[in-house]
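Subject: Structure handover

Hello,

Here is the structure I promised to pass on. Please open it next to this note, and read on for what turned up.

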Amino acid sequence: CIESSTKVKGALCESSKRTKFTDPSESEMISGPFKYESSMWEERNLKGKSTLNLDVIDETLKSMSEDLCDMGFTATVFDENATQVYQNTVGSIYTPIDETGYAQIDGFGPETEGWTGDTTMTVLSNSKVAVAISFLASVVQADLGSLDEPVYLTFPEFLTEASLAGRITPRMILSHSSGSAEYNRNAPTTDPYYVCKYSDKTRAECLSTYVLNDSTMKAEPGSTHSYNNVGFDILAELIVRKTGLDNYGEIFRQFVTEPLGMDSTSYDCPVLKSTSEKPHMSWGLCSTAHDMAKMVQMLANKGMTQDGKQVLTPFHVQQIFSHGGGVAVNDGPYIFGLLPSLIVSRCYARLYTPEELGVDSPHLLKGTGASFPLNSIEGYGLGTMFMMGNRGELFVHAARTGGFWVVAPGRFSAYIGWMNGELNGMTQYAYHLMGDLLNALEESSTFKVSKTKVL
């Protein structure tokens with residue numbers, strides 16, 4: 001975090017305590033950016049060593065739970081080698097799933113006690129990185145397709161090379177730059193796309209009418225970042241066609257949950273009206289905090305499980321952690337538009353003035369020169385947000401329910417799960433506290449990096 005100006009490329013960190021990121025040897029001169037970009041350490045012949053302050057994690061989690069009336073949290077933390085070094089549950093309160101209801105309309109019961117790391121939860125947008133993993137594992141690594149193959153090649157019955165929608169690629173979908181239309185999942189009986197999806201019509205019929213259709217496109221493919229859930233459904237049909245397997249749920253089991261041992265994770269999630277045959281790709285997973293931690297551990301371990309299964313190649317993990325939107329505008333903080341974001345740490349990619357955003361509000365002190373952050377997102381990869389930590393880059397994602405994951409390559413990684421489906425502000429506050437947790441961990445731990453690979 002090197003620059004406080006809103007006009008110059010850089011960033012601003014708010015922290016009450018700042019410590020130097022020192023080399024293990026005074027004779028080794030390693031530039032700040034090289035230290036910070038830990039995903040590139042191996043390529044640059046660098047190696048890191050972390051000494052994580054696990055007591056601080058425990059203390060901060062307990063404080064978070066107390067602040068949120070004994071809300072249950074389960075945290076699993078891995079060191080720089082993706083070895084588990086911490087797993088604990090604090091608090092007890094959560095909102096159980098009501099399978100007779102639907103998502104956040106009426107899909108959660110009243111707050112109750114009994115939260116554990118094996119409690120079933122809806123992970124919503126944390127499903128997005130799972131889609132990236134399944135596509136790379138089942139299609140790209142099998143040489144059945146690529147991230148940059150236009151979708152008209154897979155859907156010739158309703159798309160052509162000349163069609164706007166036909167130019168969409170999987171990379172654009174996974175990075176929210178496809179330009180396709182978004183629809184309202186909270187209006188399942190009136191929204192045209194979801195009415196179609198919940199009917200007897202095929203997924204291809206619904207996609208061709210409402211998503212992969214030039215008349216519904218919102219922007220030229222690859223031109224603009226705009227957070228989009230429905231676009232991910234294109235990949236359900238594409239992956240099934242490419243692999244020739246029966247349904248996406250079977251593909252997800254074969255290529256993701258089975259090799260990772262995620263026995264409690266599935267797209268058959270009644271409360272979200274998600275099924276193996278018609279999954280909500282970007283938000284339809286049911287899982288547990290302990291299961292989701294296994295996915296994070298694999299990403300931190302360069303695509304390999306702890307028992308030696310290679311789910312993804314290191315190159316394809318790097319693709320997930322690489323900028324996915326090309327030259328598309330509105331990357332980073334503005335990916336949600338002006339919608340207030342839950343994703344806040346102690347570092348901001350940039351600050352905005354009300355004038356820059358075209359906002360006229362006395363609360364934003366227009367005309368005073370005051371500036372403020374929208375969120376802490378500074379880029380987006382494949383189902384993955386980029387954030388800046390005090391000591392190095394962070395690859396993360398969050399969801400309205402289900403928790404938060406983070407991978408800091410060569411330093412640490414973690415999954416922190418909780419379940420509060422009520423729109424009462426507790427989940428929003430929990431995400432703000434995530435920033436405090438990451439800050440406390442980074443400030444109290446020791447991270448070293450060396451050119452010599454002898455740490």
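Which residue takes a positive phi in the hairpin of S10 and S11? Gly383 does, with a phi near 65 degrees. That hairpin has four residues between the strands. Strand S10 covers residues 377–380 and strand S11 covers residues 385–388. The two pair in the antiparallel sense, over three bridges. Pairing here needs at least two bridges found by DSSP between two strands. Ile377 has Met387 in S11 as its bridge partner.

A word on the source. This is a predicted model, numbered from 1 along each chain as its sequence is written. Local features need pLDDT of at least 70 and side-chain atom pairs count only at pLDDT 80 or more, while totals for chains, interfaces and linings use all residues; side-chain values use heavy atoms, with hydrogens and water left out.

Overall picture

The protein has 13 helices and 15 strands. These are DSSP runs, numbered from the N terminus: helices are H or I with at least four residues, strands are E with at least two. Of the 455 residues, 57% are buried. Buried means under 20% relative accessible area, exposed means over 50%, and partly exposed lies in between (1.4 Å probe, protein chains only). The protein exposes about 18,200 Å², by the Shrake-Rupley method with a 1.4 Å probe. Carbon and sulfur atoms supply 50% of that area. Now contacts, meaning heavy atoms within 4.5 Å. Among those between residues at least 6 apart in sequence, 67% join residues at least 24 apart.

Helix H8

H8 runs over residues 233–243. Why is H8 largely enclosed by the rest of the structure? Because eight of its 11 residues are buried. They are Asp233, Ile234, Leu235, Ala236, Glu237, Leu238, Ile239 and Val240. These buried residues pack against helices H4 (127–140), H5 (170–174), H6 (192–197), H7 (203–210) and H9 (248–260). Gly244 follows H8, and its phi is positive, near 80 degrees.

Cavities

There are eight cavities of 30 Å³ or more. A cavity is a set of points on a 1 Å grid over the protein atoms alone, where a 1.4 Å probe fits but cannot get out. Volume is the space filled by probe spheres set on the points, which are joined across faces, edges and corners. Lining residues have an atom within 4 Å of a point. For the largest cavity they are Ile57, Ala75, Val77, Val406, Phe412, Ala414, Ile416, Leu437, Leu438 and Leu441. Strand S3 (73–78), strand S14 (412–417) and helix H13 (426–444) each give two or more residues to that lining.

Met304 is in the loop between helix H10 (289–300) and helix H11 (314–320). Is Met304 buried or partly exposed? Met304 counts as partly exposed, at 29% relative accessibility. Beyond four places away in sequence, Met304 touches Met298, Lys309 and Gln310. Val317 sits in helix H11. Val317 is buried, with a relative accessible area of 5%. Leaving aside neighbours within four places in sequence, Val317 is in contact with Leu299, Lys302, Gly303 and Leu312. The C-alpha atoms of Met304 and Val317 are separated by 9.9 Å.

Best wishes

How values were computed
1 Å grid on protein atoms, 1.4 Å probe; cavity = no way out; pocket = protein on both sides within 12 Å on 5 of 7 lines; lining within 4 Å.
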